[in-house]
Amino acid sequence: MAEIRVNELTFTYEGSVEPVFENVSFHMDTDWRLGLIGRNGKGKTTLLNLLMGRYSFQGSISGSTGFDYFPYEVKEEDLEKTADELMESWKPQVESWQVLIQLNQIGMDAEFMYRPFGTLSHGERTRIMLAVLFAAEGEFLLIDEPTNHLDTAARDIVKDYLRSKKGFILVSHDRDLLDAVCDHVLVLNRATIEVQAGNFSSWWENKEKQDAFHQAENEKHKKEISKLQAAADRSSRWADKNESTKIGFDPVKEPERNISTRSYIGAKTKKMQARVKSYEQRIDREIREKEGLLQDIERVADLKLEPMSFHRELLVHAYDLSLGYAGAEDMLFKNLRFQIRRGDRIVLSGGNGCGKSSIIKAILQRAGKTDDLTKAALEGLQIEGTLEAASGLIISYVNQDTSFLSGSLKDFCRERGMEESLFLAVLRQLDFEREQFAKNMEDFSEGQKKKVLVAASLITPAHLYIWDEPLNYIDVFSRMQIEKLILKFRPTMLLVEHDVRFQEKVATEVIKVGR
């Protein structure tokens, strides 16, 4: 076991006003399975790149171990090469036999190493990269969101593999993965950084208790400050009133007063002013104690949804539905039966490539809601059996693809006929920084692009909300916001989402898709 120390780390991107990290210090042990938690844009990937030495920074990062990073870079021209060829550039110090041992542990045959990389699925690519990553010893490994685009079965394989390892940082928004794998968490809070033993759920339970305590302390301090300010105001008024009586008096109206009374009034006023000063000092002390109490509290703001009520109970009907693509040897699936009724929240589940997204595209086609992107995906799609969508159905759709997002948020709102102020308010609730509003969407992170699509859907009144993998790259706190929203407003939904916790929370029914 060795220790990695980060001391007084400060880093700011060129051209940015606010630093990503400022005077940050923490330590971690190289045998930990460390979960890195934080909202989108808080600097998780930036921290991994700093550990890799890719950016210049102030402060120090010290330790006796080296680092390696997942995912490895794969260029367009690399897709024709095999993983056996690519590993020479990914990790030149390891040999094929070391990788094959890891492949066996992660449940893959050796022959996958010798296929063109471009022919492999997302899950297969991820597992091969992880096998290469763990093939060497003596490194602390930095793993950035390994389960994005993976189906449930592939996620379970990756989860079991990582649970058998140690000595890594894992960036993930998948609560099930974080709970199963991690024995420590490194949390990028709103204003501070903390390291804590345990997994996501144990940290979140502690945080909720801590946040509740800080909220209560904050209320107590506010009440005390209010009382002290009222007392100080009263004493100040008394002092001013007494001071004004020192000079000048009417001997007819005040026969008992004489010139010697002046010194008595002055002493009394001085005593009152001292009391005011004491109150002010106590107020300052209470304010100092109050400061910082709420700086790290995660306020999961309530979002709003405007579902429309459809006049019919049945919105979508599928009976003995089979889908496939022209030229393919087999259908994607056969004889699938399901219905979507008002208030249903249906989750489609199954392996990558089983046809979940094709079902969504086919429903959009039947409802007459296809755009250019959807039409391209429908080319060659063969539909057999019954698939009906109710006439007049208004659908709000979130595509899993974000590559079409470009230009300004203002233009995006204008093209979709959305109220810009409302749209930006929802993005703020999803923890978008205001400075992001001035950027073009192609410069957003993947998590921010997903939030753009989700926010646009949220403010669109609809009978049916169809979301295709909406949570990829979205941080765990925003996921919990969206869960809370769905459970509160209970819209009719059709979803493809592999987050097990999300499925458990929101689904009224899970439909298995596949042969």
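**Stop 1**

Select Arg342, which counts as partly exposed because its relative accessibility is 36%. Bear in mind throughout that this is a predicted model. The side chains of Glu313 and Arg342 form a salt bridge, with N to O at 3.2 Å.

**Stop 2: a salt bridge across the sequence**

The structure holds 22 salt bridges. For another of them, select Arg39 and Asp475, whose side chains meet with N to O at 3.7 Å. Asp475 is in the loop between strand 15 (464-468) and helix 14 (476-489), while Arg39 is in the loop between strand 3 (33-38) and helix 1 (44-51), so this pair joins parts 436 residues apart in sequence. Are Asp475 and Arg39 buried or exposed? Both Asp475 and Arg39 are buried.

Salt bridges with shared partners link Arg39, Asp431, Lys451 and Asp475 into one network.

**Stop 3: Lys81 and Asp78**

Next, select Lys81 and Asp78, which form a salt bridge whose closest N and O atoms are 3.7 Å apart. Lys81 is partly exposed, with a relative accessible area of 37%. Asp78 counts as buried because its relative accessibility is 10%, and the cut-off for buried is under 20%.

**Stop 4: two helices that cross**

Two packed helices are described by the angle between their axes and the distance between the axes. Select helix 3 (residues 96-105) and helix 4 (residues 122-133): their axes come within 8 Å and cross at roughly 130°. That angle makes helix 3 oblique to helix 4. The crossing of helix 3 and helix 4 is right-handed.

Which residues of helix 3 meet helix 4? Show the side chains of Val99, Gln102 and Leu103 in helix 3, which meet Ile128, Ala131 and Val132 in helix 4. Of the residues in this contact, five are nonpolar, one is polar and none is charged.

**Stop 5**

Most residues other than glycine have a negative phi, and most peptide bonds are trans. The remaining selections depart from this.

Start with Phe70 and Pro71. The peptide bond from Phe70 to Pro71 is cis, with omega near 5°. Pro71 lies in the loop between strand 5 (66-70) and helix 2 (83-90).

Move on to Glu145, in the loop between strand 6 (139-144) and helix 5 (152-163). Glu145 is not a glycine, yet its phi is positive, at about 50°. Glu145 counts as buried because its relative accessibility is 18%.

Where is His149? His149 is also in the loop between strand 6 and helix 5. His149 has a positive phi of about 70° although it is not a glycine. The tour ends here.

Methods. Residues are numbered from 1 along each chain as its sequence is written. This is a predicted model: local features need pLDDT of at least 70, side-chain atom pairs count only at pLDDT 80 or more; totals for chains, interfaces and linings use all residues. Side-chain values use heavy atoms; hydrogens and water are left out. Axes are lines fitted to C-alpha atoms, for helices over the stretch in contact, and angles run from 0 to 180 degrees between N-to-C directions. Helices (H or I, at least four residues) and strands (E, at least two) are DSSP runs, numbered from the N terminus. Angles under 35 degrees count as roughly parallel, over 145 as roughly antiparallel, 65 to 115 as roughly perpendicular and the rest as oblique. A crossing is left-handed if the near helix is turned anticlockwise from the far one by less than a right angle, and right-handed if clockwise. Contact means heavy atoms within 4.5 Å. Ala, Val, Leu, Ile, Met, Phe, Trp, Tyr, Cys and Pro count as nonpolar, Asp, Glu, Lys and Arg as charged, and the others, Gly among them, as polar. Buried means under 20% relative accessible area, exposed over 50%, partly exposed in between (1.4 Å probe, protein chains only). A salt bridge is a side-chain nitrogen of Lys or Arg within 4 Å of a carboxyl oxygen of Asp or Glu.
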